[in-house]
Amino acid sequence: MKLLAASEFSLEDLTAAYNQTRTDYLIPMPMNPNRLHEYMVLYDVDLQRSCVAVEDRAIVGLGMLGLRPHEGWITRLGVLPEGRRRGVGSAMMDRLIGYSLAENATTMWLEVIKGNDPAHSLFLKYNFQPTRELIVARRPPRTMRSVSSILAARKINYLQHEEVIDLHCSRTERMNWLNAVATMNNVRRITAKTIDDDEQDPVHEVPHLSGIRVEFQNGTEGWVSYQATTLQLKRISVEVLHGDSTQVTADLLGIMHRLHGTQDAIVENIPDDDEWQGFIKAGYFEVFRRIEMALDLSSFDR
Amino acid sequence: MKTILQIEDNFANKRLVERVLEPHGYHLLHAADGQTGIDLAFQELPDLILLDMGLPDMDGQTLVSVLRESTELALTPIVALTAWPQEIAGEMAIRYGCNGCITKPIDVNDFPAQIARYFDV
């Protein structure tokens, strides 16, 4: 078995390999090449520092590495059924940690779906430590049609992409890799990637981030940002500035869903805290949990 | 003859469902991704939709939302067919307006009767 840089493979090959690693996964979430491309752009996946395990010319494993200043993020790590229990996963972990050290990362992050015990055990073996549980939740369209949130609002400011980014930069809580400022910034890069160089026309318009900042009649205040595609609201983030976290979160989401009543909604990797209770009040339900894990690289030899 | 639209990206799963259901007199249509599934659903107006919740181009939940928003397919039985754990898949299916949920791997002996029940309602 040898490890090759993922950049040596086509997006189609990587997508097929990824899908095969997930055929018997706890929560199978297949992708197509467009989705994988978007994923790589959003989360700063570096294909030259991601690896593909190959045996007899066949792909048996895949591991991707996201890189941001001082941080690495292991993702899409998986081994095809025929490659399991033969050290493929460990070999890819060694390689990805090595790349992160070479890039002067001081911390590595990853998430594992709660209940995926083999993967969790592998990461513990590499001294990754659990930091928190994160929730993936959804809300079908037209779950609630209350107007109370709108009526409770005193002032609603509609925010453009740059204003949303500014608000994200002011957040004090540590965000998960998926919801970090760098991810939100990258939403614009997805749009840029879809411009046809020859025609200079958008091939497929991917919406930027939108947001609303709301002052309520009772003095509470907060904002919610999101990416509104035709069918789905995603990359939803809420920040409560004044007032009860649960109620203000629910009110902000209530207004957002009033504005986007027909879209399905997904929120990924949010902590189990008071704001999550606000999501529940707004009609969201938990689908599954991920365990966020971190590896401190500061004491490693480089 | 009842028409079933199967939206499923895994070819082996698709063939298995065909082999199990076709002898029972169903006409099966197939879409390998969500967008094709939506197009076929509106074009053919099937009697039942078997939907894999994990599709490569869009989430199955989003697809159900689209179908349920329409007047043409609002009442068409949609059955989620998924490898997700039952406790997750079951609630997901109900919340999104599916008529039921069958977890993979399917029981080939029981599957035709499971499907027939949705036509009896």
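This is a predicted model: local features need pLDDT of at least 70, side-chain atom pairs count only at pLDDT 80 or more; totals for chains, interfaces and linings use all residues.
Chain A is divided into two domains, of which domain 1 covers residues 2-105 and domain 2 covers residues 137-290. The centres of these two domains of chain A, taken over C-alpha atoms, are separated by 29 Å, and the contact between the domains draws on 14 residues from domain 1 and 14 residues from domain 2. Between them, domain 1 and domain 2 of chain A bury about 1,300 Å², with carbon and sulfur atoms accounting for 66% of that area.

Charged and polar groups also meet across this boundary within chain A. Three salt bridges are counted between domain 1 and domain 2 of chain A, and nine residue pairs are found in polar contact across the interface of these domains, both residues of each pair being at pLDDT 80 or more. On the side of domain 1 of chain A that touches domain 2, the elements giving two or more residues are helix 2 (33-42), strand 3 (58-68) and strand 4 (71-79). Helix 2 of chain A gives the most to this side, with four residues, and the residues of the side as a whole comprise seven nonpolar, three polar and four charged. In a salt bridge of chain A, A:Lys234 is paired with A:Glu38, and the closest N and O atoms of the two residues lie 3.6 Å apart.

Two salt bridges are counted between chain B and chain A, together with 10 residue pairs in polar contact, both residues at pLDDT 80 or more.

Over all chains, a search of the whole structure finds 26 salt bridges. One of them is formed by the side chains of B:Asp59 and A:Arg35, at 2.7 Å from N to O. B:Asp59 lies in the loop between strand 3 (48-52) and helix 3 of chain B, whereas A:Arg35 lies in helix 2 of chain A, so the pair joins two chains. B:Asp59 is buried, with a relative accessible area of 16%, while A:Arg35 is partly exposed, with a relative accessible area of 24%.

Within chain A, the side chains of A:Arg138 and A:Asp264 meet in a salt bridge of 2.4 Å, N to O. This pair links distant parts of the chain, since A:Arg138 belongs to strand 6 (residues 129-139) and A:Asp264 to strand 11 of chain A, 126 residues apart. Both A:Arg138 and A:Asp264 are buried. In chain B, by comparison, B:Glu91 forms a salt bridge with B:Arg95, the closest N and O atoms being 2.9 Å apart, and both residues lie in helix 4 of chain B, four residues apart, about one turn of the helix. A network of salt bridges links A:Lys114, A:Glu133, A:Asp272, A:Glu286 and A:Arg289.

Definitions and conventions:
Residues are numbered from 1 along each chain as its sequence is written. Chains are lettered from A and ligands numbered from 1 in the order in which they are written. Side-chain values use heavy atoms; hydrogens and water are left out. Domain bounds come from an automatic or database domain assignment. Contact means heavy atoms within 4.5 Å. Buried area is the accessible area (1.4 Å probe) that two parts lose on being put together, summed over both. A salt bridge is a side-chain nitrogen of Lys or Arg within 4 Å of a carboxyl oxygen of Asp or Glu. A polar contact is a pair of N or O atoms within 3.5 Å; within protein, one must be able to donate a hydrogen and the other to accept it, and residues adjacent in sequence count only if both atoms are side-chain atoms. Ala, Val, Leu, Ile, Met, Phe, Trp, Tyr, Cys and Pro count as nonpolar, Asp, Glu, Lys and Arg as charged, and the others, Gly among them, as polar. Buried means under 20% relative accessible area, exposed over 50%, partly exposed in between (1.4 Å probe, protein chains only).
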